[in-house]
Amino acid sequence: MKFRYQLLLLASLIVSIKSVRAQEIKSHNFNELEPILHYQNDTTYVINFWAMWCKPCVEELPEFEDIRKDYTDKKVKVILVSLDFGKNTEDRLAGFLKKKNINAEVVLLDDPDADNWIGKVAKDWDGALPATLIYKKDERIVFTRQISYDELVRSIDKLNNQAN
Amino acid sequence: MKKILILGLFILAAMGIQAQGYQIGDEAKDFKLKNVDGKQISLADYKDAKGFIVIFTCNHCPYAVAYEDRIIEIDKKYKEKGFPVIAINPNDPELYESDSFDNMIVRAKEKGFTFPYLMDETQEVFKRFGATKTPHVFILSNKSGEYTVEYIGAIDNNYKDASQVTSRYVEDAVDALLQNKKPEITSTKAIGCGIKTKG
């Protein structure tokens, strides 16, 4: 009896650790998402638009994860905006991120009137995935293609080293 | 002063590079591409067409898949009126196996495509058009073999759910052209899968 109780305790402990680690993914329309593109603090934000089915997007995910790790103490925040859609998107996304060991913050953008918001992300972006916006206050750098770790570092350092 | 001038020229040159592809009002060049039935297709083959709905699309992209049924409906509706759909797969199949010519044949059969589904083998046509993703629409009008770009962008304003669409950009543009008017909306931004190319 005692043994079973301990087992139960252990099992619940494992479950709770797991639930702490798996992030809860929130879904937004563009109006709800838009504030994350315009924070006016001294952090440099790296916002990547991607989807699970997009091969170049998935290829570059580890670069963003590395940036998140390498800049933890440097006022850099990585946010991965997923454009996935279909059945059980949140669950599929959570499983995918766990498998790929991506721990950067992920939000879902669910707003099918794309013409209305693509230009608000970046003037020069015409809607092809992947795309990445790196900004600090009003300084913005946009990549409308797959990006390398070195390009990310150069862009982040450029924004970070600018006088405020 | 000289430095500023040179810098200005550089910026202009850089802008020129960026502004590749057709703009509204440009004349589009004809092409010759292989269809899923093995035949070579050109715009010039369609002597009676008043214009064309050229759609860069593919097999692998969920946005393109979400629009397949709508593209068939558009073709059925407008082919008779003189605006057939011409679908072109611009992706390099070495980078996306599901976009190979053989898989295009399979997909066209599965879905019962009513329109040609062409392979941009050399990837020159999508570059000339300035297509950047799938799906990406270019509507052309035809005046005796002179093709003018009339609309560039998305099919409609809801990629997820055809029943929730409130603006049918492509249909509105073609309807206007059929009445010899210019489309009210000539360009929109479409979400899509970046076209896969090695260079």
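Tutor: Let's start with a definition: two strands pair if DSSP finds at least two bridges between them. Helices (H or I, at least four residues) and strands (E, at least two) are DSSP runs, numbered from the N terminus. This is a predicted model, where local features need pLDDT of at least 70, side-chain atom pairs count only at pLDDT 80 or more, and totals for chains, interfaces and linings use all residues. Residues are numbered from 1 along each chain as its sequence is written, while chains are lettered from A and ligands from 1 in the order in which they are written.

Student: What makes β6(A) and β7(A) a pair?

Tutor: Strand β6 (residues 131-136) and β7(A) are joined by 5 bridges and run antiparallel; at least two are needed, so they pair. Lys136(A), for one, has Glu139(A) in β7(A) as its bridge partner.

Student: Why are β1 and β7 of chain A said to stand at the edges?

Tutor: The open sheet has the order β1-β4-β3-β2-β6-β7 (chain A), with mixed pairing. β1 (26-28) and β7 (139-143) each have a single partner strand, so one side of each lacks a neighbour in the sheet.

Student: How do you know that β5(A) and β10(B) pair?

Tutor: Strand β5 (residues 128-129) of chain A and β10(B) share 2 bridges in the parallel sense; the definition asks for at least two, so they pair. Ala128(A) stands opposite Gly192(B) there.

Student: Which residues make up the contact between the chains?

Tutor: With contact meaning C-beta atoms, placed from the backbone, within 7 Å, 17 residues come from chain B and 18 residues from chain A. On the chain B side, strand β10 (residues 192-194) gives the most, with 3 residues.

Terms used:
Contact = placed C-beta atoms within 7 Å.
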